Amino acid sequence: MTNGGTATAAGATAAAAPVSVRDLTVAYDEKPVLWDADLDIPAGSLAAIIGPNGAGKSTLIKAILGLVPAAAGTVRLFGEPYERVRKSVGYVPQRGSVDWDFPTSVLDVVMMGMYGRLGWVRRPGKSERERARECLREVGMENFAARQISQLSGGQQQRVFLARALAQEARMYFMDEPFAGVDATTERAIIGILQRLRDDGKTVLVVHHDLQTAPEYFDWVVLLNVRIMASGPMEATFTPDNLQRTYGGKIAFLK
Amino acid sequence: MSPNLVIALTAALAACACALVGVFLVLRRMALMADAISHAILPGLVAGYWLARGPNVVAGFFGASAAGLLTVWLTESLTRSRRVKEDTAIGLVFPALFALGVLLVSRFFSNVHLDTDAVLFGEIAFAPLETWRLGGRDVGPTALWSLGALTTLNAAFLTLFYKELKLSTFDPGLAAALGFAPAVIHYALMGMVAVTTVGGFTAVGAILVIALIIVPPVTASLLTERLPTLIALSVAVGVAGSLIGFQLASAWDVSIGGMIVSTLGVVFGVALLLAPRKGLVAQSLRHARLRRQFAREALVVHLATHEGTALEDSECRPAHLQEELLWTADMASRTVAEAQAAGLVQPVDREGHLHLTDRGREVAEDVAKR
Amino acid sequence: MNVLRDLFLDYTLRNIALGAAVLGLVSGVLGSFAVLRRQGLMGDALSHAALPGICLAYLLTGSKAPLVLMLGAAAAGWLGMVLILRIVRHTRIDPNSALGIVLTVFFGFGVVLLTVLQKRNDAGQAGLDKFLFGQAAAMTQEQVATMAVLGGAALLVVALLYKEFKLLAFDPEFARSLALPTRSLDLLLTSLLVVAVVIGLNTVGVVLMSAMLVAPGAAARQWTDSLSKMLALAGAFGAASGIAGAVLSVTAERIPTGPVIILCVTLIVIVSLLFGSARGLVWEWLRQARHRREMRAAMAAEGGTTP
């Protein structure tokens with residue numbers, strides 16, 4: 001009802017949409033954090049999820065991936081429930097969710113992205129190492145392969161996480177605040193990679209915190225504040241009106 | 001005084017003293033530090049024994065308290081060095097000190113009656129037997145005097161520094177900014193814990209002391225959020241548990257200390273299940289209620305979305321609801337029934353459609369605005 | 001050397017040394033995961049929680065066979081662990097307090113059971129509380145064998161599921177997104193901790209168990225940044241402490257085995273903290289001192305221009 005500008009795919013093609021969410025609701029204690037979310041992301045988009053703090057952006061991603069329990073609603077990825085398409089989905093969690101003092105090298109972390117494909121017990125071998133190095137090359141970190149992760153800067157850590165997601169060789173990627181606390185060079189590098197992914201036909205869904213850069217980086221936007229306020233192509237949807245409804249109250253919108 | 005009364009009073013006083021110091025310990029999430037201190041005081045006792053050349057209550061007391069503070073300081077220095085995490089630091093320091101203590105006892109004081117069993121278990125049953133001789137007269141059981149003093153001391157500490165403790169527990173940054181030196185308060189509290197542990201264990205054993213320090217405050221925290229109530233409830237739970245435990249132990253002829261601890265455990269378990277808001281039962285009832293409420297709201301919103309649209313015919317059937325909202329037949333029919341009862345939805349019409357009432361439409365609007 | 005010869009020929013020393021070595025190896029490796037996952041104190045809680053299990057095992061079966069008692073300890077420890085996890089997950093009670101409650105309540109209940117056994121006038125009861133304080137000196141070949149089998153099985157699980165445990169310890173959220181059954185793996189890893197605790201109870205006793213678990217891993221971490229090397233080193237440190245403790249306690253008088261093992265491993269920790277790799281505290285202090293000297297020299301050079 002308030003999905004102004006929703007470019008909802010019609011019944012037939014919705015089945016193959018990378019992300020198709022209906023009535024997704026997540027609540028902690030008695031407070032709904034995500035309410036009645038309806039979402040369709042078309043294939044090959046580089047989409048941003050934008051909204052104020054505490055608006056449920058991370059929760060949306062985690063609920064789609066089944067990392068938090070949903071009180072109601074359904075999620076379909078490429079027309080299937082998540083469990084069946086896990087291997088096609090890459091996930092880059094928030095950097096702060098991990099203990100960077102853990103004794104492991106950069107290369108090891110990237111190889112973790114391949115654990116899903118290796119299956120139980122099997123150890124990563126030479127081809128996995130090679131693939132991991134390639135992913136590191138893509139993010140510009142190939143010289144850091146043997147580095148202990150506690151010695152990395154924020155931007156470098158983010159790139160390692162990105163490389164790990166690339167190693168998953170997914171058709172779709174979910175990323176939670178990949179640009180938080182990284183330097184400008186890293187940010188440019190990352191968005192370059194994301195755009196390359198999009199150009200390769202992958203779908204990328206990113207929780208983004210910076211209103212300034214959103215129109216420049218992304219071609220699809222989801223405005224979220226507990227409820228989905230709007231979702232659609234960037235130009236049509238990223239309007240002062242929609243932003244005001246999302247952020248509630250006047251925001252100084254610098255163009 | 002009858003021996004039974006002495007024991008009961010001892011237990012009750014121990015519960016008071018421990019609960020008073022335990023509340024802030026638990027609030028600061030340092031419950032296990034108390035456990036660590038209770039073990040690490042052993043070398044302190046040994047040192048006191050050695051310095052005083054014989055069993056001496058005061059020397060032992062000071063030695064143990066010093067050992068307790070040393071434990072805290074070592075643990076925190078270790079954590080501060082950032083080479084190990086906090087829980088590892090705790091798990092390293094107190095066993096090392098305890099091992100040192102046992103070694104010293106075995107090697108140099110093996111003829112001493114420092115029964116390690118007693119150090120850990122203590123025996124409250126002996127409380128009536130040890131009495132204090134003051135000026136040649138028997139003034140009553142030592143345990144009562146020492147625990148009474150301890151309770152008074154702890155109560156005084158809590159009263160005098162109530163606001164400092166409260167502030168530094170919930171907002172150490174602000175406390176520091178206001179000049180209340182959280183570090184000083186911290187060590188003072190730890191000192192009280194050490195003193196209480198030492199004073200308590202000679203009467204009732206280290207295990208019981210730790211239980212009395214940790215379990216009542218945590219139990220009370222399930223029942224209230226207000227600090228004064230928390231303190232009062234902690235003391236109440238501790239005392240009640242002690243008295244009941246003592247009665248049961250007498251009836252079944254088992255270890256008094258152990259029985260008190262077990263009783264406290266049962267009380268905790270009951271609170272865990274039945275606490276009004278935080279208890280497990282209350283939580284699952286609330287979740288169920290929430291689910292049903294969401295379901296009703298989802299129903300209403302769904303109907304409102306499709307009202308008057310071309311798809312109304314197919315979308316507003318109960319069977320379709322199951323499919324779209326992924327409800328079981330059971331859930332669907334129950335939700336519809338509840339929605340009807342709440343006056344949100346009209347009864348299913350002859351073609352099998354569901355329609356909103358005006359009130360239902362209102363609710364849908366509200367939900368959208370939320 | 002006499003000691004070396006005795007290690008192989010003397011029945012008692014060999015058993016104690018072997019048992020302590022097995023214990024050191026297993027707790028070193030499994031404890032390293034506890035260190036990394038901040039579960040160091042879980043070992044303390046588990047070892048206290050084991051008491052009622054041991055008593056019940058004896059009460060119900062009348063047997064004091066090591067395996068029976070260990071199973072009882074494991075069952076109680078496992079139950080305690082599940083309770084702790086449940087309490088933490090379903091309430092806002094913090095993990096520290098949850099550990100403390102389970103620890104003391106289980107132990108208190110165990111004490112009650114001990115007195116029940118005492119009343120039955122079973123001479124057999126006498127051995128049980130020694131089980132709690134560690135009676136390594138009386139270790140039998142049977143006990144060593146049981147420890148070796150259980151410990152070996154646990155280490156095998158770690159070897160097989162190495163990469164799964166590694167990912168679980170490092171990034172559980174990512175692990176879940178990969179379809180790893182993280183909850184089951186978590187339970188499994190913590191269950192292995194129960195095995196380590198149960199093996200160790202007989203040697204070092206309840207109070208000292210937590211150090212046996214975290215000390216080798218904490219020490220090993222100071223020397224390496226690789227998980228596999230850390231595990232290997234931790235196992236080695238643990239085993240070495242075990243053997244050293246055994247030898248010292250047998251050759252010197254009135255030195256109890258458990259405590260001296262702990263003191264050995266603590267010594268290793270201290271040395272590691274001071275001198276380990278590049279992060280050793282001594283190296284850092286030297287660096288800081290040199291830095292200060294350089295700063296002073298630089299400032300003197302700048303400020304010391306004479307007109």
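Tutor: Two residues are in contact if their C-beta atoms, placed from the backbone, lie within 7 Å. The model is a predicted one, in which local features need pLDDT of at least 70 and side-chain atom pairs count only at pLDDT 80 or more, whereas totals for chains, interfaces and linings use all residues. Residues are numbered from 1 along each chain as its sequence is written, while chains are lettered from A and ligands numbered from 1 in the order in which they are written.

Student: What percentage of the residues in chain C is buried?

Tutor: A residue is buried if 20 or more other C-beta atoms, placed from the backbone, lie within 10 Å of its own, exposed if 12 or fewer do, and partly exposed in between. Of the 307 residues in chain C, the buried share is 58%.

Student: Are H8(C) and H10(C) roughly parallel or roughly perpendicular to each other?

Tutor: With axes as lines fitted to C-alpha atoms, for helices over the stretch in contact, and angles running from 0 to 180 degrees between N-to-C directions, helix H8 (162-170) and helix H10 (residues 182-221) of chain C pack at about 100°, their axes 10 Å apart. In this contact C:Glu164, C:Phe165 and C:Leu168 of H8(C) meet C:Thr182, C:Leu185, C:Asp186 and C:Leu189 of H10(C). Angles under 35 degrees count as roughly parallel, over 145 as roughly antiparallel, 65 to 115 as roughly perpendicular and the rest as oblique. H8(C) and H10(C) are therefore roughly perpendicular.

Student: Which helix gives the most to the side of chain C that touches chain A?

Tutor: Here 19 residues of chain C are in contact with 16 residues of chain A, and the helices that each supply at least two residues to that side of chain C are H8(C), helix H9 (172-177) and helix H11 (227-251). By class, this side has 10 nonpolar, 3 polar and 6 charged residues, where Ala, Val, Leu, Ile, Met, Phe, Trp, Tyr, Cys and Pro count as nonpolar, Asp, Glu, Lys and Arg as charged, and the others, Gly among them, as polar. The helix that gives the most, with 4 residues, is H9(C).

Student: Which helix gives the largest share of the side of chain B that touches chain C?

Tutor: In this interface 49 residues of chain B are in contact with 47 residues of chain C, and the elements that give two or more residues to the chain B side include helix H4 (86-108) and helix H13 (280-306). The largest share, 14 residues, comes from H4(B).

Student: Is B:Val300 buried or exposed?

Tutor: B:Val300 lies in helix H13 of chain B, and its contacts beyond four places in sequence include B:Ala339, B:Leu344 and B:Val363. The C-alpha atoms of B:Val300 and B:Leu344, 44 residues apart along the chain, are separated by 7.4 Å. Because 27 other C-beta atoms lie within 10 Å of it, B:Val300 is buried.

Student: Which are the edge strands of the 6-stranded open sheet in chain A?

Tutor: Strands pair if DSSP finds at least two bridges between them, and the order in this mixed sheet of chain A is E5-E6-E7-E3-E8-E9. Strand E8 (residues 220-225) of chain A runs antiparallel to E9(A), joined to it by 6 bridges, with A:Leu224 opposite A:Ile228. The edge strands, each pairing on one side only, are strand E5 (89-92) and strand E9 (227-233) of chain A.

Student: At about what angle does helix H2 of chain A run to E6(A)?

Tutor: Helix H2 (residues 57-64) lies across strands E3, E6, E7 and E8 of chain A. Its angle to E6(A) is about 145°.

Student: How many residues of strand E1 of chain A are buried?

Tutor: Strand E1 (residues 19-28) of chain A is largely enclosed by the rest of the structure, and E1(A) pairs with strand E4 (residues 72-77) in the antiparallel sense over 5 bridges. In this pairing A:Val21 stands opposite A:Val75. Of the 10 residues of E1(A), the number buried is 7.
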